[in-house]
Amino acid sequence: MSDDERPSPAAGEAESGNAPPPSPGVDRRGFLHLLGLGLGASAAATILGAVGTAALKTPLTARGVGGGWVDLGPLARFPDGAPAKVVAVGEHVDAWNRFPARSLGGVVVVREGARARAFSSVCPHNGCDVFVRSEDLRCPCHESVFALDGSLVRGESPRGLDPLEVRIEEGRLRVRYQRFEVGIAERRPLG
Amino acid sequence: MSGLAAEEPPPGAQAHTVRGRLRRALAAWEDATGLGALARRFLTTPVRPGWARATGPALLLLLCAQLATGFGLALHYSPSGTTAWASVFYLEERIAGGAFVRGLHAYGASALVALLLVHVLAVGLGRRYRDRRAANWLLGLCLLPLIGTFALTGYLLPWDQKGYWATRVATGIVRGTPLVGEAAARALQGGAELGSLTLTRFFALHAVALPATLLLLLALHLRVWRRTRPDPEPEAARPYWPAQAARDLALFCGLLCALALAAHFRGAGLEAPADPSSDYPPRPEWYFAPLREVLKAVPEPWGSIVLPGAVGLLLAFLPWIDGPRSSRPRLARALLLLPFALWGTLLLHAQLADLADRDYQAQRRRAAEEADLAKALAREGVPGEGAAALLWRYPPRWGERLFERHCIACHEVDGRGGEGRPRDSEASGGEGGGSEAVDGDVDALGEGAEGRGETAPGPVLTGYLGLRWLREVIAHPESPRYFGRVPSLRDEMPPLEEAFLPRLDAIAAFVRAQDPAAAASLDPARIAAGRKAYFAAECNSCHSLKPGRADLGPNLAGYGSEDWLLRFLRDPGHELFYAEDNAMPAYGDELSADELRALVAYLRTLDGDPYPGDPRRAKPRPLSGTGLGTPADAALGR
């Protein structure tokens, strides 16, 4: 209980006064000292290493969502000239669960007649989902605004919206759905 | 120990009575643990009573309350992407007192942050960071990020839209940190994306690692407080109990009352299950809202790391700015109040900006509707596929997705689609075929679409099955908006004779009434008139109303009903429907029975009628087979 009191200078001196006098056993004592430290440190390192590995190794190397081609349906579903946000549906694996057909994320499609552009709807700033307005795309989080060609109009996003590769086959629009790292100017796919 | 000796019974007295034995057992326990003496020493500590000193103890009591309510939540919580929302919903609606405990915990977190800020302010303005107490000032400041992490990890756990999107932003902010951002975000998330592994991780942090760290930090904080606090002036000093303890408990109980009221009358709230693509407008908890204002205007990492870090450092150096060698109380007060004033101003600005933001208000209303729908669906039981399936598999929405995938190329709806079907080579059943890989070169701007318009489009379905749509189709089936688009049908059905045009409304009502579900809402007299006209105009010579009878045109027995539409979609070329004139693909093999039902549910809402299976209108069915005859069930029946 004395540790709740203010430390008195006398207590420390009394402690050192009790120490055994130097003896020929000092080498042995030094060895035990090192052994104790070594055993303690290696035990701690083993446990922390095991927990740390389990906690970090897999997450740091895990692959992100997407990368495959996703059918967004007939091009006809998209209004000509106006942006539309649709859901990319595909197989989604979340840890131990596999969902054969689930939303992978949003895709903004801007159709111009027989051609189309597609962007990931993930805002490259902090990863929110942009929403579609008639003239532009706006992020609800920190109010970055993007033009219909994906370029940044205003806001703090470090880059424009991420374009997705597009194919139009037999009148159907396919995109290669991908996610990208956010918060950086470089466009780097996840995974 | 000296206090203990005074309470020991006189030797021999009552030695063999029950009371005497109890007394001796207690004395032995006290001798072994010394807890009584510790408590006595603590309760008799001389202090100078004051309300400004009540924040610390009230904070401690609030933390204890959070531990207790947190345990109550953990009893019912299941951290995974499929179960988290469902378990919180179940706790809210099916566990007696569950919503109240969750409300206490959620509002308790807010109160904790608020009280912690007041505590920092009270200690700072009282200059209780000076001299030997600098170490404890620093330890106390460590509580700020720790409580912040508590709040952040707890926010995600319900796995609803609010928590999911706020965490997407939080991990996005971490990702924006130079050099270590991506690795740190992945370490936090447990993977490349938010998911089940994020939930297990956040739960382990929130319920195990953070409480343990907090308790250690608090023990140290209290110990250092005792060792470094100056003795109060003897004339003002009182024992802690009861003078100061009463103030502490009064503050805590006042807060608890406010929490209980908020928990009872408002509840913690639960948004719709997390959806990785939606127009949900994410907002952080109020105490992080000022940070969001900063992020709107300042690029990372200046807004996310440098500015909060600078404020933290400024507070940390307060004991040296206003230290023993250089007493600057006014500067210290200004430095302390400045960040708080800035924080308060930004908080107000955030609220006002949201109130003025129409996009935001519309999205909030929509989010509230989504939450209502998800909860109404969940009352009938959350499918094993997970809470996200509640809205994902909600028939009208599922059907709309299927329509946009399979039907819209030929059938215009609301001004979109109807451009003609490409060569029929799509064999991707349902929605699942979307992720198959396609080889070949790709351009940022796709081109091609040579197959477009190869097949003539079918009828426009805007307002399908509505009386107006029926009127137009019956009057002018040859119109290019309807069957005129299909050459083989163009000449099969003539326009309605002019003599019958005044009775068009009645005929449309009669045709619509072939669907028993729609008949109930139509005027019986008009249906009867329509029936007469139907036969007078000899509609029935081609469109039989007898079930199973094949004529020149589609059989209309039960037309527009779920059953009729299902049979039609499975095989439009059946002799009961378009037979050899058919130009529409059969979907019986391409879509599953559930998908067909969903598609029909969607088609039947095109006339503007609400989906009859909407659980917000129907009476909820109680979960059967779970033995849940609780009062909560009765309360659910709206």
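Colleague: How much area is buried between chain A and chain B?

Modeller: The size of an interface is often given as the accessible area lost when the parts come together. Buried area here is that loss with a 1.4 Å probe, summed over both parts. For chain A and chain B of this predicted model the value is about 7,000 Å², with carbon and sulfur atoms giving 49%. Residues are numbered from 1 along each chain as written, and chains are lettered from A in the order written. In this predicted model, local features need pLDDT of at least 70, side-chain atom pairs count only at pLDDT 80 or more, and totals for chains, interfaces and linings use all residues, while side-chain values use heavy atoms, without hydrogens and water.

Colleague: How many salt bridges does the rule find across the interface of chain A and chain B?

Modeller: A salt bridge is a side-chain nitrogen of Lys or Arg within 4 Å of a carboxyl oxygen of Asp or Glu. The rule finds 10 across this interface; one of the salt bridges joins Arg179(A) and Glu193(B) at 2.2 Å, N to O.

Colleague: Which element gives the most to the side of chain A that touches chain B?

Modeller: Strands are DSSP runs (E, at least two residues), numbered from the N terminus. β3(A) gives the most, with 10 residues.

Colleague: Is Ser144(A) buried or exposed?

Modeller: Buried means under 20% relative accessible area (1.4 Å probe, protein chains only). Ser144(A) counts as buried because its relative accessibility is 1%. Ser144(A) lies in the loop between β6 (137-138) and β7 (145-146) of chain A.

Methods: Helix = DSSP H or I, 4+ residues; strand = E, 2+ residues; numbered from the N terminus. Buried < 20%, exposed > 50% of the residue type's maximum accessible area, 1.4 Å probe, protein only. Buried area = accessible area lost by both parts, 1.4 Å probe.
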